[in-house]
Amino acid sequence: MFINFWYPAGLASEFDDGPVKKMMLGQNFVLFRDTTGTIQCLSDVCIHRGGSLAAGKVKGDCVECPYHGWQFDGQGQCRKIPSLGPEGKIPPRAHVDAYPTQERYGLVFCFLGDLPEKDRPPLMDIPEYPEKGVIDGWRATRQEFLWDIDYKRSMENGIDSAHNEFVHPTHGFSGERDDYKVEPLELIETEWGTGFFGKMYAPPLAEEKMRGESGREEAATIEAGTGHHCPASLWTYIHPTPDIKIHQYAFEVPVH
Ligand code: FES
């Protein structure tokens with residue numbers, strides 16, 4: 001497991017109504033939104049007797065363990081031990097691990113490693129979706145998938161251009177073209193990844209033609225490319241026609 005990267009915990013809206021348990025990289029975490037609107041991420045295991053904090057409640061800026069009511073803030077520090085009474089002294093070691101979070105693209109990302117902020121790799125950038133939302137001319141949709149595979153197979157597939165001819169009928173001829181070969185690709189290298197962009201020969205968009213939409217009438221060369229950012233994020237650009245651009249960004253997380 002590569003721990004020192006940002007991983008998606010889920011849609012930001014999932015965390016509006018109390019603590020939520022998420023498994024990432026084989027560990028259980030609890031996420032909750034505090035009174036400032038910040039989504040906090042802590043280890044889900046209470047330091048006292050191992051209760052699941054996600055089964056508790058949000059109390060102000062803390063999550064309250066359901067077993068004996070200890071409360072932990074967004075830094076993981078225990079702020080209340082009810083059995084000690086109002087004046088009880090809370091030992092500093094009453095603490096659970098806390099993880100940085102950021103809310104972007106309508107999603108919540110957690111940094112599950114131990115690098116200081118200045119050394120952390122950046123989240124994958126989406127130029128069409130800056131901080132203030134999707135820019136004009138683009139429309140964003142979000143989809144979530146749970147795959148019973150090793151995530152490395154998913155990444156490998158994402159940057160494998162040779163399967164398109166056989167697997168995706170809109171990107172190739174399903175292996176029925178005698179002169180098929182992968183055309184030269186433009187290699188794209190960034191600080192945190194690699195990818196390619198190039199041309200593919202593709203059949204007409206038959207379904208769109210049947211629906212009377214403005215698809216390609218003839219076989220055509222389309223532009224497409226894909227690449228990875230850090231170990232578990234993928235970008236894919238598909239330009240079926242000069243006027244239609246599909247830019248897809250996949251943020252993946254190994255669950256266990
Ligand atoms: S196990 Fe969490 S307060 Fe006791």
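Colleague: What percentage of the 256 residues in the protein chain is buried?

Modeller: This is a predicted model, in which local features need pLDDT of at least 70, side-chain atom pairs count only at pLDDT 80 or more, and totals for chains, interfaces and linings use all residues. Residues are numbered from 1 along each chain as its sequence is written. A residue is buried if 20 or more other C-beta atoms, placed from the backbone, lie within 10 Å of its own. For the protein chain, the buried share of the 256 residues is 25%.

Colleague: How far apart do the C-alpha centres of domain 1 and domain 2 lie?

Modeller: An automatic or database domain assignment provides the bounds, dividing the chain into domain 1 (6–119) and domain 2 (151–251). The separation of their C-alpha centres is 40 Å.

Colleague: How many residues has the largest nonpolar core?

Modeller: Such a core is a set of buried Ala, Val, Leu, Ile, Met, Phe, Trp, Tyr and Cys residues joined through C-beta atoms within 7 Å. Tyr7, Val30 and Phe72 are among those with the most contacts inside the largest one. At least three residues come from each of domain 1 and domain 2.

Notes:
Buried ≥ 20, exposed ≤ 12 C-beta atoms within 10 Å, placed from the backbone.
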